[in-house]
Amino acid sequence: MNAKILIAGFGGQGILFAGKFLVYAGMIGGAEVSWLPSYGPEMRGGTANCSVIFSDSPIGSPIVDTPDILVAMNLPSLDKFEPTVRPGGQLFIDSALITRPANRSDIETHYIPATRLAEELGLQGLANMIMIGRVLEKTGLCPPDIVTAAMKKVVPERKKALLDKNLEAIETGRKA
Amino acid sequence: MSEKVLMKGNEAIAEAAIRAGCRHFFGYPITPQTEVAAYMARRMPKVDGLYLQAESEIAAINMVLGASAAGVRAMTSSSSPGIALKSEGLSYLAGCDLPALVVNVQRGGPGLGGIQPSQSDYFQATRGAGHGDFHLLVLAPNSIQEMVDLTYLAFELADRYRVTAMLLADGILGQMMEPVSLPDPAAADLPPKDWAVTGTGGKRLHNIVNSLYLKPEDLEATNLARYEKYAVIQRREARHEAFLLDDADIVVAAYGASARIAKNAILAARAEGIRAGLLRPVTLWPFPKAAFAQAAKTARAFVTVEMSMGQMIEDVELSVRCAKPVTLCSRVGGMVPAPEQILESIRQAAGGAK
């Protein structure tokens with residue numbers, strides 16, 4: 001599996017956490033992986049993003065300039081990164097927060113009202129994982145049997161309630 | 001081989017230092033290396049070690065000097081402007097011939113600069129770490145695994161030669177995560193620290209750790225002895241990685257994060273029929289001069305890729321004795337060269353697009 005993934009949104013939406021889950025899933029699945037966050041003052045209330053790479057061969061640059069998969073969770077992120085998606089790539093938009101459609105016609109776009117679904121289903125703060133659930137469903141990035149193992153790496157066992165909620169969010173995204 | 005875990009580069013350095021037996025860390029926060037200190041603050045108390053946040057970078061490096069003089073493995077970490085503040089202490093460490101580990105997770109400069117990745121402290125690390133004639137032993141990791149392996153090596157070489165080692169990383173390597181395994185460091189046969197000031201118990205003459213010599217004859221002698229030691233280090237400890245180098249017409253020279261990006265460009269160049277390869281210095285001092293001199297025999301041109309205005313390029317030119325053209329591909333100020341930019345530089349060096 002080769003995939004360059006960019007996840008972008010506001011600080012506080014769990015952008016970096018979503019990336020961490022993916023990178024663990026990739027590692028458990030046997031891929032070469034890397035994770036690189038944006039860092040600095042822009043994270044405090046501003047935009048946050050992270051680059052995740054899955055590769056069959058050792059990874060050179062950990063920076064994702066031309067994502068195969070872009071997850072956009074706010075409008076500034078969509079405006080900034082939509083033009084960078086590789087032609088033929090996939091774009092996942094949180095349509096509860098972003099009201100405009102995608103401009104690109106040479107990529108496949110998926111609209112998921114993740115933030116609204118999270119609120120309706122009692123999964124507050126887990127719109128990120130609903131988005132990731134949809135990404136997994138549409139891209140086959142990681143087989144379902146790895147999801148729980150990867151989640152256990154990023155959510156400690158002592159927070160089992162959170163573990164279940166995160167898994168529920170992934171499942172919600174898969175079916176959204 | 002221990003199980004692979006995902007860690008940030010900064011955390012991997014800290015964990016590796018603890019596994020290497022370091023129990024004395026003196027820090028001061030600065031982006032993008034703060035996770036080193038944060039990890040140490042969390043872990044050191046659990047291994048009966050000392051984490052101390054000093055009142056300044058200058059205080060921290062002098063605490064390292066004191067701890068090292070007492071014979072323990074000691075370290076500090078910072079980022080570019082913070083390392084500049086440590087200059088005095090680095091020079092005193094050299095003058096006292098003390099082992100220590102100093103980590104620089106570089107950010108853009110000069111001045112306060114910015115917080116994004118940079119490699120513009122190459123001169124500072126390899127030439128101008130402080131006043132007087134001395135060198136740091138400078139190691140430049142380009143993966144999280146190397147951040148572990150070179151931390152182990154840095155402590156070992158520092159103790160073996162009684163020199164201060166620097167791990168020169170950058171914001172990308174400090175912040176990124178990739179799988180890493182943390183085996184315990186291999187046992188090394190190191191000389192005893194019989195010079196350390198540990199108390200005589202009334203049974204021997206006291207040791208003196210000092211860098212002040214008012215008689216010029218004495219001071220000259222310490223300098224000459226130190227440079228004999230440096231000559232041994234240059235002979236024995238230069239390290240590099242070669243990637244697709246054997247048949248390379250165009251040799252890309254890059255270290256750290258730049259070398260990772262350069263690999264993407266080299267593979268793209270190969271796909272276009274340009275025989276490009278990478279010569280990556282792992283030690284920046286001593287610089288792997290022999291490897292570059294060897295490559296210059298068969299290469300047509302060199303391209304250095306640096307997140308600086310051109311610093312390592314001087315060592316490349318010196319090493320190849322200007323026998324082949326050397327050009328610079330760079331971004332600065334926290335900007336990172338894209339593979340396409342490096343590919344274009346490779347094409348230019350190869351004589352235009354093929």
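Contact here means heavy atoms within 4.5 Å. The legends below describe a predicted model, in which local features need pLDDT of at least 70, side-chain atom pairs count only at pLDDT 80 or more, and totals for chains, interfaces and linings use all residues. Residues are numbered from 1 along each chain as its sequence is written, chains are lettered from A and ligands numbered from 1 in the order in which they are written, and side-chain values use heavy atoms, with hydrogens and water left out.

**View 1. A:Leu126 sits in the loop between helix H3 (114-120) and helix H4 (127-139) of chain A.** Helices (H or I, at least four residues) and strands (E, at least two) are DSSP runs, numbered from the N terminus. A:Leu126 counts as buried because its relative accessibility is 9%; buried means under 20% relative accessible area, exposed over 50%, and partly exposed in between, with a 1.4 Å probe and protein chains only. Which residues touch this leucine, once neighbours within four places in sequence are left aside? They are A:Ala118, A:Lys165, A:Asn166 and A:Ala169. A:Asn166 lies 40 residues from A:Leu126 in sequence, yet their C-alpha atoms are 6.8 Å apart.

**View 2. Strand E1 (residues 3-10) of chain A pairs with strands E3 and E4.** Two strands pair if DSSP finds at least two bridges between them. With E3(A) (residues 47-55), the pairing is antiparallel and has eight bridges; within it, A:Phe10 is partnered by A:Thr47. With E4(A) (residues 69-72), E1(A) runs parallel over four bridges, and here A:Ala8 has A:Ala72 as its bridge partner. E1(A) is mostly covered, with six of its eight residues buried.

**View 3. The fold of chain A, seen as a whole, has six helices and six strands.** Along the sequence the pattern reads β-α-β-β-β-α-β-β-α-α-α-α. The C-alpha trace spans about 40 × 40 × 35 Å along its principal axes. Buried residues make up 56% of the chain. Of the contacts in chain A between residues at least 6 apart in sequence, 55% join residues at least 24 apart.

**View 4. Helix H13 (residues 339-349) of chain B has buried residues covered by several other elements.** Which residues of H13(B) are buried? They are B:Pro339, B:Ile342, B:Leu343, B:Ser345, B:Ile346 and B:Arg347. Their cover includes helix H10 (256-271) of chain B, along with strands E10 (250-253), E11 (276-281), E13 (301-306) and E14 (326-330). Just after the helix, B:Gly351 takes a positive phi of about 100°.

View 5. Buried residues make up 56% of chain B. Among its contacts with a separation of 6 or more, 79% are between residues 24 or more positions apart.
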